[in-house]
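Let's walk through this structure together, strand by strand and charge by charge. Please keep the viewer open as you read.

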Amino acid sequence: MPQKRARRKLTKKQQRKRRRQKHAKERDKREEEAEHLRLLQPEYQKWLQEQQEMQEFQRLADEREHQVAEDSWLRREATAQQQFRIDEAKKRQEQEEVERLQQQQAKERAEREEILRRQREEETRKAAKAAAEFDAMMESMDEYLSNPRMEKPPSQLLRVMETHPEERACEFFSRTNCCRYGHACTFNHRRPMLARILLIRHFFNHSMLQERRPHKEYASAEEHLELTEQDLRHDYDEFFNDAVEELRKFGTIVNFRTVRNTVEHLRGHVFVEYTNERSALRAFTNLQGRYYASKKLNVEFSNLKTWRGAVCGT
Ligand SMILES: [Zn+2]
């Protein structure tokens with residue numbers, strides 16, 4: 001019968017349990033009595049105390065060690081955090097510096113562009129002004145040329161153009177209306193916009209006026225040595241008659257002088273003086289840019305004060 005067997009089994013199990021509990025109780029009681037007896041012994045008491053002291057000592061040592069470890073960890077943590085903050089601050093500073101430089105560059109670029117824009121604007125303004133002045137001047141010239149009742153030239157044609165108004169006058173230019181430095185001269189070249197005298201640069205061209213070669217052995221082969229002063233005179237007379245005939249068409253000529261000088265910037269320059277500005281202006285507008293002896297004429301007005309010093313021949 002399985003039920004009976006199971007009940008028996010359970011009963012046996014409970015009996016075993018009760019036995020175990022009884023044994024344990026007896027054992028505890030015995031140990032308690034033994035402990036009680038031991039406690040009465042001074043050696044045991046001393047040993048027990050020593051054990052407690054050792055445990056306490058161990059506990060304190062463990063605690064200290066734990067504290068040291070904790071402190072060390074905290075220190076490392078603090079150091080790491082500080083380093084992190086330093087790195088962050090450095091990164092931020094670098095970033096700020098990059099941004100500052102970028103802003104500065106952008107500002108400088110903008111300033112440069114603004115300067116260029118203003119320069120372009122100024123150039124455009126100047127060009128427009130110059131063009132307007134040129135147109136007005138041309139109009140004045142036309143008016144002056146076509147109206148014989150107008151005795152004096154319009155005031156805007158009587159202006160003087162200056163290359164460096166703030167500098168002192170170029171001595172060469174003042175004396176001869178020519179300067180070896182040309183536009184590169186740093187002194188002031190004063191040029192009238194209109195005058196009675198015209199200067200036609202390098203108008204008279206002659207091989208005898210060429211500068212002499214420095215080597216004597218080659219000089220004999222030069223054409224100009226075979227020419228005489230008489231040849232020069234003859235050729236000049238021809239040129240003179242030719243030129244005067246042409247220049248006379250524009251008005252009465254008072255003076256016709258040619259620079260007999262061999263240096264490049266003076267050679268063959270011709271000054272023509274008319275009785276009035278109108279004739280000179282008429283000659284100027286007719287001759288400028290025309291060709292003579294295969295050379296384009298370069299005509300300008302002259303404010304020569306005296307002939308002496310400027311020219312060497314007539
Ligand atoms: Zn000069």
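Leu-199 stands opposite Glu-300 in strand S8, in a model that is predicted rather than determined by experiment. Leu-199 belongs to strand S3, which covers residues 197–200, and S8 covers residues 299–302. Strands here are DSSP runs of E with at least two residues, helices are runs of H or I with at least four, and both are numbered from the N terminus. S3 and S8 run antiparallel and are joined by four bridges; two strands count as paired if DSSP finds at least two bridges between them.

S3 has another partner as well. Strand S5 (residues 270–274) also runs antiparallel to S3, again with four bridges. If you look for the bridge partner of Ile-197 in S5, you will find Glu-273. What covers the two faces of S3, and are its residues buried or exposed? Both faces are covered: Ile-197 and Leu-199 on one side are buried, and so are Leu-198 and Ile-200 on the other. Buried means a relative accessible area under 20%, exposed means over 50%, and partly exposed lies in between, with a 1.4 Å probe and protein chains only.

Before going further, a word on the conventions. Residues are numbered from 1 along each chain as its sequence is written, and side-chain values use heavy atoms, with hydrogens and water left out. Because this is a predicted model, local features need pLDDT of at least 70 and side-chain atom pairs count only at pLDDT 80 or more, while totals for chains, interfaces and linings use all residues.

Now stay with Glu-273, the S5 partner of Ile-197. The side chain of Glu-273 meets that of Arg-196 in a salt bridge, with 3.1 Å from N to O. This pair links distant parts of the chain, as Glu-273 sits in strand S5 and Arg-196 in the loop between strand S2 (190–192) and S3, 77 residues apart. Glu-273 is buried at 10% relative accessible area, whereas Arg-196 counts as partly exposed at 32%. A salt bridge here is a side-chain nitrogen of Lys or Arg within 4 Å of a carboxyl oxygen of Asp or Glu. In general, side chains of opposite charge can pair when their charged atoms come close.

How many salt bridges does the structure hold? The count is 18. One of them joins Arg-125 to Glu-122, with the closest N and O atoms 2.8 Å apart. Both residues lie in helix H2 (residues 42–146), three residues apart, which is about one turn of the helix. Arg-125 is partly exposed, with a relative accessible area of 45%, and Glu-122 is partly exposed too, at 32%. Salt bridges also link Glu-114, Arg-117, Arg-118 and Glu-121 in a network. Elsewhere, the side chains of Glu-246 and Lys-249 meet at 2.8 Å, N to O, in a salt bridge. Glu-246 is partly exposed at 22%, while Lys-249 counts as exposed at 58% relative accessibility.

Next, have a look at some backbone angles. Ala-293, in the loop between strand S6 (291–292) and strand S7 (295–296), has a phi near 50 degrees, a positive value in a residue other than glycine. Ser-294 lies in the loop between S6 and S7, and its phi is near 60 degrees, also positive in a residue other than glycine. Ala-293 counts as exposed at 61% relative accessibility, and Ser-294 counts as exposed at 72%.

One stretch carries record annotations.

Finally, zoom out. The protein chain has seven helices and eight strands. Its C-alpha trace spans about 170 × 60 × 50 Å along the principal axes. The radius of gyration is 60 Å, while a compact globule of 314 residues would have one near 20 Å; the value is taken over C-alpha atoms, and the globule rule is 2.2 Å times the number of residues to the power 0.38. Of the 314 residues, 23% count as buried.
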